[in-house]
Number of protein chains: 4
Amino acid sequence: MRTFRLVIACPDGVGIVAKVSNFLATYNGWISEASHHSDHQSGWFFMRHEIRAESLPFDLEEFRQAFAPIAKQFSMVWRISDSAQKKRVVLMASRESHCLADLLHRWHSGDLDCEIPCVISNHQDLRSMVEWHGIPFFHVPVDPQDKQPAFAEVSRLVEEHQADTVVLARYMQILPPDLCRRFAHQVINIHHSFLPSFVGAKPYHQASLRGVKLIGATCHYVTEELDAGPIIEQDVARISHRNSIEDLVRLGKDVERRVLARGLRFHLEDRVLVHDNKTVVFD
Amino acid sequence: MRTFRLVIACPDGVGIVAKVSNFLATYNGWISEASHHSDHQSGWFFMRHEIRAESLPFDLEEFRQAFAPIAKQFSMVWRISDSAQKKRVVLMASRESHCLADLLHRWHSGDLDCEIPCVISNHQDLRSMVEWHGIPFFHVPVDPQDKQPAFAEVSRLVEEHQADTVVLARYMQILPPDLCRRFAHQVINIHHSFLPSFVGAKPYHQASLRGVKLIGATCHYVTEELDAGPIIEQDVARISHRNSIEDLVRLGKDVERRVLARGLRFHLEDRVLVHDNKTVVFD
Amino acid sequence: MRTFRLVIACPDGVGIVAKVSNFLATYNGWISEASHHSDHQSGWFFMRHEIRAESLPFDLEEFRQAFAPIAKQFSMVWRISDSAQKKRVVLMASRESHCLADLLHRWHSGDLDCEIPCVISNHQDLRSMVEWHGIPFFHVPVDPQDKQPAFAEVSRLVEEHQADTVVLARYMQILPPDLCRRFAHQVINIHHSFLPSFVGAKPYHQASLRGVKLIGATCHYVTEELDAGPIIEQDVARISHRNSIEDLVRLGKDVERRVLARGLRFHLEDRVLVHDNKTVVFD
Amino acid sequence: MRTFRLVIACPDGVGIVAKVSNFLATYNGWISEASHHSDHQSGWFFMRHEIRAESLPFDLEEFRQAFAPIAKQFSMVWRISDSAQKKRVVLMASRESHCLADLLHRWHSGDLDCEIPCVISNHQDLRSMVEWHGIPFFHVPVDPQDKQPAFAEVSRLVEEHQADTVVLARYMQILPPDLCRRFAHQVINIHHSFLPSFVGAKPYHQASLRGVKLIGATCHYVTEELDAGPIIEQDVARISHRNSIEDLVRLGKDVERRVLARGLRFHLEDRVLVHDNKTVVFD
């Protein structure tokens, strides 16, 4: 079922829902899903509607024009998208295959509703796997002494492939600040710890050293500050003294895959609204 | 914050949200929480609003009158309640204290927003605990040869105390069909298994025999068919071969308490809508 | 680290651990992992040791001869295996790729320590995926009118490839009783429900109809009675009224994959002991 | 069933299990539970046996004498306890009742196998609840300007009541270093976050600010460094944008109670071995 997804954030007040739902009812819009959230701390209101596209007399552009006065009246930060226009997601990976293989399989079996115009990696290891899926693979090695050319190339590839979203599927390189800013809330990372615990490198080693009883993974938008962006999704797995660091790495892979796949799905379905470095996720 | 809770179920269609939110906006109602659900299988629409009571020019009765024409137009099954009018919950227990003690503690510490006019039990064991909380305790023994008088007395006590809700906190007796019918969707039970597994007696023994790796508990509305009413909440706990039946009983208590407390809270906040022996829970 | 895995079940009594550990100490065996379980209900004792292979003066056959008298004395059901002799696992699938793709990826990335001599399917859909991994794929269609020839061929392929273990990775066909008997405790199935709930076909439809709040998956050994064999591993995922049957199927896939992979790993590492249709899993 | 619990940590090597199990077999000791762990990182070996007391010709003191030579030979850190000699646990609380009420109820209903000689609090709020359980309550107010006298009194009460274990059931005061040292691995705290995230004050506020999707609780031994002692048990609960800080506090209570009760149970049953600021928990 093709839907339009109307996503709104604005200062809270009386009459917002009425105005928006009236607007939709006026045009005979059939709401298939609606979510609201009043954040009492920030005083903001968040809202997401899925409307059956064929019930509306609009295309996206006409919708935007018709809705603009309401958006203006309530100082809305808003967007509308068409479920039939698949988001374009560039995947980036390094040598570890588990997250990439998982996303590719979900996409291949039709469970991940997006286009994957290409995969970019700083290593060649995963080329064959990617190409078996019929997806172009670009090898962009990163010179530790001078990373700038690599990131310029990454940036060029992302633009050339008209990506809406970049997923760091265990890419293992820190993106430069200008890239983070340019693609704000468009770059999704999976960090292999339960943030804010164990920021930075080798979180499973840190976890083993601290003797925690659960390990976790965190899917978040990338910002300039390392591992500090808005969190989309998290989960954990139970471990014990019996587990070596190698076990943690292996057990953690399952959590990482699951958390990244869930977080990306929320993003692709326009279920994530960012406000003040936190997310509202209408799951 | 005092709120009115407007809970609606009706056949799905265009314009319902608009009509309701218009109605609220017309009277300047400040929506603090809103939830919607379109059930594609049944073709029904479910909706719950919390509206700040002081933003409306109504009391409950006036609200009902003003809203009635809309409800009629859309064939709504609906109710409205006032968060300031606490629900009256009669607790029933037998000899096991864990669920009762948990609910009493939550109530006593202000985490369970209701009144508890009395506790009814077929045994005397828990009298002192109940009375320490300042709650009347009624001992209504059940004669296995003739249960009717006991249930007549239970019924009388429930009515005398003007209960909205009855909670079977491990009461261990099966309510007679007429009681189930009379208090439909008002009697909440905690069953000590992950239903529909292990219906009936001694579910932990059944679980041990089958060798399952998780045990569970189910909070549901009581209907005439044993352990088959609409499920409100469920959860599980991991077990292993190391656990004896006594361990399962002990570990299960934690799950039972948690699941019952969550299910009851949903009920008390008017978050549960029953349709076709299933629930919509706007958590 | 190459290890010998000594797995023992016997009637409980005094001196078993002493006898076995003495035996190992006599030959200077370095125990890297040891697990014990006394089952008070059945009166049986279960035990698993991993011993560093290079610390022993034995090969497997010599170990068997030296240990036989002890085994006889305590009426042990026992086996010993060498971690360097990888188990041979034949995977069987139908059209759904998620479990198969997951196992193949784990194997390919070195996280699943076994050999996969071939994959058998009653459909052609997954051939290319299997062959990309360098594994032979056999298409054995099952004629609904006469399934016997297909299962004879399956049986032949399993023997020809000298399989220790057969995994039904959503194979969707019921194995005939003689195959179940012949490969007792060697055939692992993943059932897409939290058994014993929803035995048989279309468990997600059954789950949706019953309105449960969690769905699950069960990894078990196949026996003649459908979905009733010894359970190796189970897990669940939370669902809500918002989830359609299609969502349950999708969400369930993640649970199925995880549960099957864990259960198979336990099996491959000789961590599962079956007794009276229940399992001891030394995880 | 009365058991002796023999708990051992020592440098790993060949023959330890043989020596210990031989010793037990020599005296006809019936092992009802045995757990072993070889830690490859530290090179240490950990071991716990439960032996049926009536199967041994010893009392504890005789056991200690007979076993001492073996302990010396392998440089064991070890202890033996008698399940019939209940540990003496002093509970400390402040104003929040949830952890205290939970432990008292478990104790009262026979699920927590210990003696509770007294409860100490810096406030009077929970006196009545404690005294209903028949347990002495001591009010030791803490003067923020001079805490020393209060902690001297706490120390005196702990000694006077011959406590083995002190549980900080949301005590909300930081113990002075000398107390931490004196009762090393005897003082158990529940911290209301998933450590090492959100060390220190107001962890739920910190969690809300960071926008995490799970909150947690950590049961650990108290050491001089705040919230940095060996972790015994942890768990988490899922939250969302819908949850206010008050919700986190409320939802967190359930996690805290569960984690503290589990951690304390492990401790009481001598299942926790501390080594290098980490724990081995033979659950």
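This note comments on selected sites and on one chain-to-chain interface of the predicted model.

1. Basis. The model is predicted, so local features need pLDDT of at least 70 and side-chain atom pairs count only at pLDDT 80 or more, while totals for chains, interfaces and linings use all residues. Residues are numbered from 1 along each chain as its sequence is written, chains are lettered from A in the order in which they are written, and side-chain values use heavy atoms, without hydrogens and water.

2. A:Asp227 counts as buried because its relative accessibility is 9%, the limit being under 20% relative accessible area (1.4 Å probe, protein chains only; exposed is over 50%, partly exposed in between). Leaving out residues up to four places away in sequence, its contacts include A:His191, A:His220 and, from another chain, D:Arg210; contact means heavy atoms within 4.5 Å.

3. Extent of the B–C interface. Chain B contributes 34 residues and chain C 33 residues. About 2,900 Å² is buried between them, 51% of it from carbon and sulfur atoms; buried area is the accessible area (1.4 Å probe) that two parts lose on being put together, summed over both. B:Arg210, B:Lys213 and B:His241 supply 25% of the area that chain B buries against chain C, more than any other three residues.

4. Salt bridges at the B–C interface. There are 4 salt bridges between chain B and chain C, each a side-chain nitrogen of Lys or Arg within 4 Å of a carboxyl oxygen of Asp or Glu. One of them joins B:Asp235 and C:Arg238 (3.8 Å, N to O). On chain B, β12 gives the largest share of the side that touches chain C, 7 residues.

5. B:Arg257. This residue belongs to helix α8 (residues 245-268) of chain B and is buried, with a relative accessible area of 8%. Among the residues that B:Arg257 touches are B:Asp102, D:Asp102 and D:Arg257.

Conventions: Helices (H or I, at least four residues) and strands (E, at least two) are DSSP runs, numbered from the N terminus.
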